[in-house]
Amino acid sequence: MIFEVLILGNSSATPVYKRYPTAQLINHNQQLFLVDCGEGTQHRLVQHGIKTNKIQHIFISHLHGDHYFGLAGLLSSMNLAGRERPLTVYGPKGLKEILDMHFLYAQSTIKYPLRFIETDPEKPALLLDTKEIKVQSFPLKHRIPCTGFRFDEKEKKPNLIKEKIEELQIPVGQLAEIKNGGDYIDTAGRIFTHEELTHPTPKLRSYAFCSDTRADDSYIPFIKNVSLLYHEATFLDELKDRAEITLHTTALEAGEVAAAAQAGKLLIGHYSSRYKEFEPFLEEARSVFTNTELTVEGSSYSI
Ligand SMILES: [Zn+2]
Ligand SMILES: [Zn+2]
């Protein structure tokens, strides 16, 4: 089952030639989720041939422009394209008001069902819970209210081993119980365990995005054991002072966070526009967390 993240943009603050501000598209079993929506995100979606109608949930970490200035445009274009499918936007207090103002003065009415859900910058919250996945927000430490997001696959019932079921002639009425974890005892009193009768279920995968934040212990519990962690790394450690003042993270600190959270793998991005080379970011993060990769715009990373 597909579970991957496509990096649409990983730049911060001011524009840089050929780079885009933060946005990423998560694909879980063909369910698409957009996380952050910096300027130009809809152009990036077009470039990648993504049909925006397939996106039903958009998550916005905070109200700095490099994370949401593309949203009004995207929501308007969905309207122009005749979208009818409902869309839910999760984001900080104020986001709905800002967008309503855009549409009010443009005298345009969004015709598709558009729902806003306010995120809580103080404590973790469950935002979405479907049959296959759940999404939670958690507080980060930034200059304005900001949350990270965590996507967790949900446990599925195992498939029965058809041949075994037939061989043992297990009555249909008992199959649900076996799927739920029960064993089977035949008429002769022999026990066949749940594990013997079912295929092992694949390991559950998870993805967490730590948007703009000062590296901090406070959010480690929310990203614990995550399979893939995308953490911002705005500066190299030589500019740690700057990171402290602006409430951002250095590449070294991003590596430390991944190690403390025992993440499976770390992706870093949100590089400050002052940098042209990113190899030093990788070296720095890898010095404390080996399984680190740089995000590259336009690349997908499997979770
Ligand atoms: Zn930012
Ligand atoms: Zn920010």
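## Domains and basis

The chain is divided into domain 1 (3–156 + 201–302) and domain 2 (162–197), with bounds taken from an automatic or database domain assignment. Their C-alpha centres lie 45 Å apart.

This is a predicted model, in which local features need pLDDT of at least 70 and side-chain atom pairs count only at pLDDT 80 or more, while totals for chains, interfaces and linings use all residues. Residues are numbered from 1 along each chain as its sequence is written, chains are lettered from A and ligands numbered from 1 in the order in which they are written, and side-chain values use heavy atoms, with hydrogens and water left out.

## Zinc site

The zinc ion (ligand 2) is coordinated at 2.2 Å by His-62 (NE2), His-64 (ND1), His-142 (NE2) and Asp-212 (OD). Donors are N, O and S atoms within 2.8 Å of the metal (3.2 Å for Na, K and Ca); water is not among the atoms, so sites may look incomplete. The angles subtended by the four donor atoms run from 90 to 166 degrees, which makes the arrangement irregular. Four donors count as tetrahedral if all angles lie between 85 and 135 degrees; four count as square planar and six as octahedral if opposite donors are over 155 degrees apart and all others between 65 and 115; anything else is irregular.

Asp-212 bridges the zinc ion (ligand 2) and the zinc ion (ligand 1), which lie 3.6 Å apart. His-64 sits in the loop between β4 (55–59) and α2, and Asp-212 in the loop between β12 (206–210) and α8 (220–223), so the pair ties together parts 148 residues apart in sequence. Helices (H or I, at least four residues) and strands (E, at least two) are DSSP runs, numbered from the N terminus. Both His-64 and Asp-212 are buried; buried means under 20% relative accessible area, exposed over 50%, partly exposed in between (1.4 Å probe, protein chains only).

## Helix α4

In helix α4 (residues 95–105), the residues Leu-95, Leu-99 and Phe-103 are buried. The face turned away from the buried side carries the exposed residues Glu-97, Leu-104 and Tyr-105. Just after α4, Gln-107 takes a positive phi of about 50 degrees.

## Salt bridges

The structure holds 12 salt bridges, each a side-chain nitrogen of Lys or Arg within 4 Å of a carboxyl oxygen of Asp or Glu. Arg-214 and Glu-253 form one of them (2.7 Å, N to O), and both residues are buried. Lys-240 also meets Glu-253 (3.8 Å, N to O). Arg-214, Lys-240, Glu-244 and Glu-253 are linked in a network of salt bridges.
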